[in-house]
Amino acid sequence: MSAHVRALAATAALLSVSMALAQQDKPPASKYRKDALVYAELTKAPQKARAKRNPLERDPDAVAAGRNLFEQHCTECHGDLAEGGRKGPSLLVEQVQNSEPGAIFWILTNGVVWRGMPVWSKLPEPQRWQLVSYIKSLGVAPKPSSGSPTAPPSGPR
């Protein structure tokens, strides 16, 4: 076998290994992308809970504090940008962003254990409201237009 053929074979082998490793590093798509039922839990919040107002909604520091809490407790499941991950759904969808702050607080407090969402009732109430402030600050992710790449979510980072 000539040196050129061996070099070509080695290059092809390296390319194959490289492509295989790249596929391994790619996280699988969120299993929640088309599952509307996951967001139905928000509608199960009792009226009394949904009617609660966020006492920190005008606190300028609440969003930043909520972001820190989100990074500590939520990114593992919901992704770094709340776009959804292998374990948790996107929080940038209309169902979440248009829901009442009290409903989000209720979900944080009670969890959705059968879906893998932990109960965060041991997190102090002000911190749960900070998380609500951050989640609501993210806004709805823009829908990608056909042929264009997905735009990153807007909102404070």
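Predicted model: local features only at pLDDT ≥ 70, side-chain atom pairs only at ≥ 80, totals over all residues.
F70 and Y134 form a tilted pair, with 5.3 Å centre to centre and 50° between the planes. This pair links distant parts of the chain, since F70 lies in helix 4 and Y134 in helix 8, 64 residues apart; helices (H or I, at least four residues) are DSSP runs, numbered from the N terminus. F70 counts as buried because its relative accessibility is 1%, and Y134 counts as buried at 2%, the term buried meaning under 20% relative accessible area (1.4 Å probe, protein chains only). F105 and W129 form a stacked pair, 4.1 Å centre to centre and with 10° between the planes. F105 belongs to helix 7 and W129 to helix 8, so this pair ties together parts that are 24 residues apart in sequence. F105 is buried with a relative accessible area of 5%, and W129 is buried with 2%.

Residues are numbered from 1 along each chain as its sequence is written, and side-chain values use heavy atoms, with hydrogens and water left out. Local features need pLDDT of at least 70 and side-chain atom pairs count only at pLDDT 80 or more, whereas totals for chains, interfaces and linings use all residues.

Helix 4 (residues 62-73) has 12 residues, which at 1.5 Å a residue should span 16 Å, and its end C-alpha atoms are 16 Å apart, in agreement; the expected span is 1.5 Å times one less than the number of residues. In this helix A62, G66, L69 and F70 are buried. Seen down the axis of helix 4, the buried residues fall within an arc of 105°, so they line one face of the helix, the arc being that of the directions from the helix axis to the C-beta atoms. These buried residues pack against helix 5 (75-78) and helix 8 (125-138), with contact taken as heavy atoms within 4.5 Å.

Not counting residues up to four places away in sequence, I104 touches L42, V96, S99, V132, I135 and K136.

Terms used. Helix = DSSP H or I, 4+ residues; strand = E, 2+ residues; numbered from the N terminus. Buried < 20%, exposed > 50% of the residue type's maximum accessible area, 1.4 Å probe, protein only. Phe/Tyr/Trp six-rings, centres within 6.5 Å; stacked < 30°, edge-to-face > 60°.
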